[in-house]
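The points below are grouped by topic.

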Amino acid sequence: MANKKTEEGSNNRRNFLRLGLMSSVSAVAGATLISNLTADEVEPSGEKIRVLTPDGKMVEVDAKSINKYPEAVITPTESRKGIPDKKFVMVIDLAKCKNARKCVEGCQKAHKLDDHEEFMKVQLIQNNEEGSPYWFPKPCFHCDEPPCVTVCPTGATFKREDGIVLIDNERCIGCKFCITSCPYSARQFNWGHKEKFEDKSQPYSPETQVPAAEGTVMKCDFCPDMLRQGKLPHCATACPMGVIYFGDKNEDIVTNGSETVSFSQLIKDRGGYRHLEHLGTKPNVYYLPAVNRQFPVERGFDVDEEIIERYKDVPFVKELKEQGKL
Amino acid sequence: MEISNKLINDLAPTKFGKRGVIWTISLIIISIAGIIAYIDQVVKGQVVTNMNDYALWGIYISNFVFFVATSFVGAVTVAVLRLTNNAWRTPIVRIAEIISVASIIMAGLTIMIDMGRPDRLLYLFIHGRMQSPIIWDVIIIPTYIVICLLLLYFPLLPDLAILKNHFSKTNPKLSKWYGILSLNWSGSEKQKSIQLKSIQIIAILIIPAGFVLQTVDAWLFSTLFRVGWDSTNMGAYFISGASVAGVGALVTVMYVIRRANKLEAYITDYHFDKLGKFLVLTCLIYLYFNINEYVIPEFTSKKEEITHLNHLYSGQYAPLFWFVIIGGLIIPIIVLLFKKGRKPLPMFYVGMLVVIGSWWKRFLIVTPTLLQPFLPIQGVPESWHHYFPSFHEWIITFATLAMALLIITFLVRYLPIVPIQRTADEQEETEINKSVISKTVTP
């Protein structure tokens, strides 16, 4: 029952976001979209959808025609601009995370990542010996003062108007300077050749980072391809607990799929903070502290042995192991 | 002003003996092995190295930093000793210039080995952005290569002319090459004044260029958010460390060449003594910066800082750390403070120790820091918590070192190591001085 409700909510939410984002989709793809519509004779479905043309007119088109239209590929040059008038922001509610790892898996599937390639990582953080550990999902923070962009010698990694930091792997020379510059270890390197790099069925776009390329860097991208379709990033959609809120700072609105709230109010009410604020990188990912938790931290150990092994250096895990509880 | 035949015969380059040939061939073999390993790396990707997403700079980078540091010897000895008018520099400057040239050329090549996409090298020029410290390196390294080459070349001109005549009968082919390279040097007053001016300009230019080079190298690290790098100490720390590495290398190479070319009469104990004092001075300055870097952070004991330091003091890198500090710095200082320690043979061992210590020191600057990120390393294979270079990395690194030695060997084979003309001029001067002194002293 609850699940069904969530699904409904998320659908409503998606439609809501779609309205906001549709204008930007058509701004990029609009010209071709319209010509496509006129060229093809499609049997109308009767359902009409309103879209914005590049010259700012609202037109009504048949829903079927839109579905038929292939998704616009955002080329590396186009991907540098960003989605107009947006300022994307993510809020992660640590009180709700139980290390279900659905965000990680959803992200890996969408970005065609292998086992240890994780744009989203779930870390177990224990701030001090007495403190209670908590699960800490960590994407790229898409900083407003991104050190990676500063040090990149070729501009392969760049900051867009909508706040997203992306990598153009056709420009990257593989110096790895950006990986060392990131204080959050958000970036990964393709050390060797992999078969999946040769899969050219999907044209390369920095917005999807597929296919990846040998000797270049990759990282969490906030899924701009989804955003253009008015959908949430894969991690936010995949999370069963509604941990990950995503939205637009300009509109002051974020959603986790089931509830839509005011971003500023959420941060105020729940004591939102940014990780390692003192570094001055100004992240666009906020955290809500792990207080009044919905699950005990132990719930997160309901995973593979291999995953538990990752956290063996955390004092709390050591303790559990000594007591034979793990 | 006739230069004695003895002087020319002593100082002109000679063919290698058996040992020299074996040495050269070994270096060529190691270099070729490294080139093969590098080709393999290009084909298979950097997966053949043991680097990973955390320890993502390994010995390729630390080796690069070592070469950059060693190349500083040209700026330190040649230019500084020249400006301070230290006459004892004459027989050793050319060795320093040769080491500088070899190291900076190899530094330029080594940095490319670490590139994930060497095929996109030109992007650095096409898409280069001035704000990136890598572009600063792209600018300063070629500049420094040119300055180093000129600093080696200009003072060589008179010697090349001498060698042209010297070999005109015994080896006309070689003589022709010397002739071309000597740019028709005749020794006229006009030529001399141009040469002197050029050398002076280059000798002054190499000091800021050397400082910029070392500082940019330091900034590659200190511009990043990393414990152990994010330090205002870095620029000066690197400059002083480069002096140690450079002078250490100079002492070692000087000893070997002196023995191989039988130059005992020209490079004397006196020169070793002087250079020993110079080396101990650089070591003491470096020790001072090491205290700043490794002891002072203990007082504020920030969590990340202290984890990093403990990693070095007593963690997995502790044996290496203490070897570098004690073997590469403290023992050399103690030995060199004694007059007996500044004799050629002990100096050679000290020089070796300093060079090996300097090489590992760069490794300790680069890798342990990367293994101490702000967020704990979780969710990666167990092997990613450590780093030790792979077979490919060692072979390639040894090859770069062999190539540097090969450049030095090649230049030693064909250039007069002790400047002939200047030695002759100085000998003449002392003769004149002697006669002047004796004339004025005797009533």
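The model described here is predicted.

**Helices H8 and H9 of chain B**

- Helix H8 (residues 157-166) of chain B packs against helix H9 (residues 172-181) of chain B at an angle of about 155 degrees, and their axes are 8 Å apart.
- Because angles over 145 degrees count as roughly antiparallel, H8(B) and H9(B) are roughly antiparallel to each other.
- The crossing of H8(B) and H9(B) is left-handed.
- On the H8(B) side, Leu160(B), Leu163(B) and Lys164(B) take part, and they meet Ser175(B), Tyr178(B), Gly179(B) and Leu181(B) of H9(B).
- By class, four nonpolar, two polar and one charged residues make up this contact of H8(B) with H9(B).

**Helices H11 and H16 of chain B**

- Helix H11 (residues 234-260) of chain B and helix H16 (residues 344-370) of chain B cross at roughly 140 degrees, their axes coming within 8 Å.
- H11(B) and H16(B) are therefore oblique to each other.
- H11(B) and H16(B) cross in a left-handed sense.
- Residues that make the contact include Gly241(B), Val244(B), Gly248(B) and Tyr255(B) from H11(B), and Pro344(B), Phe348(B), Gly351(B) and Lys361(B) from H16(B).
- The contact of H11(B) with H16(B) comprises eleven nonpolar, five polar and one charged residues.

**Contact between chains A and B**

- Chain B places 34 residues in contact with 39 residues of chain A.
- Helix H6 (123-126) and helix H7 (133-153) of chain B each contribute at least two residues to the side of chain B that touches chain A.
- H7(B) gives the most to that side, with three residues.
- The side of chain B that touches chain A divides by class into 18 nonpolar, ten polar and six charged residues.

**Nonpolar cores**

- The largest nonpolar core has 183 residues, of which Val91(A), Ile244(A), Ile95(B), Ile99(B), Val247(B) and Leu250(B) touch the most other members.
- Leaving aside residues up to four places away in sequence, Val247(B) touches Val73(B), Val76(B), Thr77(B), Leu275(B), Phe278(B), Leu279(B) and Thr282(B).
- A second, separate core has five residues, among them Leu312(B), Tyr317(B), Phe321(B) and Val324(B).

Conventions: Residues numbered from 1 in each chain as written. Chains lettered and ligands numbered in written order. Predicted model: local features only at pLDDT ≥ 70, side-chain atom pairs only at ≥ 80, totals over all residues. Axes fitted to C-alpha atoms, helices over the stretch in contact; angles between N-to-C directions. Helix = DSSP H or I, 4+ residues; strand = E, 2+ residues; numbered from the N terminus. Parallel < 35°, antiparallel > 145°, perpendicular 65-115°, else oblique. Left-handed = near helix turned anticlockwise from the far one by under 90°. Contact = placed C-beta atoms within 7 Å. Nonpolar A, V, L, I, M, F, W, Y, C, P; charged D, E, K, R; others polar. Core = buried A, V, L, I, M, F, W, Y, C linked by C-beta atoms within 7 Å. Buried ≥ 20, exposed ≤ 12 C-beta atoms within 10 Å, placed from the backbone.
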